[in-house]
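Please read them alongside the coordinates.

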Amino acid sequence: MTKDVEAVGPAAEYSGKDYHDPPPAPLLDFDELSKWSFYRAVIAEFIATLLFLYVTVLTVIGYKSQSDVTHGGDECGGVGILGIAWAFGGMIFILVYCTAGISGGHINPAVTFGLFLARKVSLIRAVMYMVAQCLGAICGVGLVKAFQKSFYNRYGGGANSLADGYNTGVGLGAEIIGTFVLVYTVFSATDPKRSARDSHVPVLAPLPIGFAVFMVHLATIPITGTGINPARSFGAAVIYNNEKAWDDHWIFWVGPFIGAAIAAFYHQFILRAAALKALGSFRSNA
């Protein structure tokens, strides 16, 4: 979840002549590998994803243990689906706010993939972010298992799986649409042109991103447990390591990546008309 900074003063008024799109990121930027800021950003993605998985998976397991009537729980106890959705959305809001100025606050390989397609990050940075996010997710869920092993094993480890009564097509569609909502929100909330135009309206970018995660969870928890983040699904599956967790695991990679690609195309080529701008620039230089 990246943020581009434009030199727009607090009293400046937006006009088409005042705004210029930032240059696209190079496909391969080997100079990044010699900069401490690059490694600092990778570490920030690792820690942010670790914290994200630790808090959210712990919330899921806590809810299941509190509502398990066979072990003395209350069927109406715990935070419920609403509370779980708030945990995921709230943590994204907090972590994006904390890391946006360091790494862009992606915390999700699907977000990183969408921003890579839009030429917001280089291929090297995208790959390193995804690796860091997956490792952070594994470590975050590993901490949950280490602290509450009995509850962790009993209540499914917070792993994503397709709910009974739904086929893979429904699950895949839910992941595609859910990730589209998230990545589309990321593009809209961090659009530098919008920031320049609406500089008089203070909008905290992590807030709509967190709300997008919250709303998608409300809609898709009953279907897939809500992935929309391949690192979240992968980390939980690796630590839980149950056959059911791996049965339809591909859904939680293919769905989010397709959704992110559609969101990137829609924002860049439809809303921002990047293709038309490129064609106009080509004609003017011809």
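**Notes on the model**

1. Trp86 sits in helix 2 (residues 80–99); helices (H or I, at least four residues) and strands (E, at least two) are DSSP runs, numbered from the N terminus. The model is a predicted one, in which local features need pLDDT of at least 70, side-chain atom pairs count only at pLDDT 80 or more, and totals for chains, interfaces and linings use all residues. Residues are numbered from 1 along each chain as its sequence is written, and side-chain values use heavy atoms, with hydrogens and water left out.

2. Trp86 is partly exposed, at a relative accessible area of 44%. Buried means under 20% relative accessible area, exposed over 50%, and partly exposed in between (1.4 Å probe, protein chains only). Leaving aside neighbours within four places in sequence, Trp86 has contacts (heavy atoms within 4.5 Å) with Met91, Phe211 and Phe214. Its C-alpha atom is 8.6 Å from that of His217, 131 residues apart along the chain.

3. The whole structure holds 16 aromatic pairs. Rings of Phe, Tyr and Trp (its six-membered ring) pair if their centres lie within 6.5 Å; planes under 30 degrees apart are stacked, over 60 edge-to-face and the rest tilted. Trp86 and Phe211 have ring centres 5.9 Å apart and planes at 70°, so this pair is edge-to-face. Since Trp86 is in helix 2 and Phe211 in helix 8, the pair ties together parts 125 residues apart in sequence. Phe211 is partly exposed, with a relative accessible area of 40%. Elsewhere, Phe113, Phe234, Trp246, Trp253 and Phe257 form one aromatic cluster.

4. How do helix 6 and helix 8 pack, and at what angle? Helix 6 (residues 168–189) and helix 8 (residues 206–224) pack at about 175°, their axes 9 Å apart. Axes are lines fitted to C-alpha atoms, for helices over the stretch in contact, and angles run from 0 to 180 degrees between N-to-C directions. The two helices are therefore roughly antiparallel (under 35 degrees is roughly parallel, over 145 roughly antiparallel, 65 to 115 roughly perpendicular, the rest oblique).

5. Residues making the helix 6 to helix 8 contact include Gly171, Ala174 and Gly178 of helix 6 and Ala212, Val213 and Val216 of helix 8.

6. The UniProt annotation "transmembrane region", from an unreviewed entry, covers residues 42–63, 83–105, 126–148, 168–189, 201–223 and 250–271. Such annotations may be inferred rather than shown by experiment. Residues 42–63 are 100% helix and 0% strand, with end C-alpha atoms 32 Å apart. For residues 168–189, also 100% helix and 0% strand, that distance is 31 Å.
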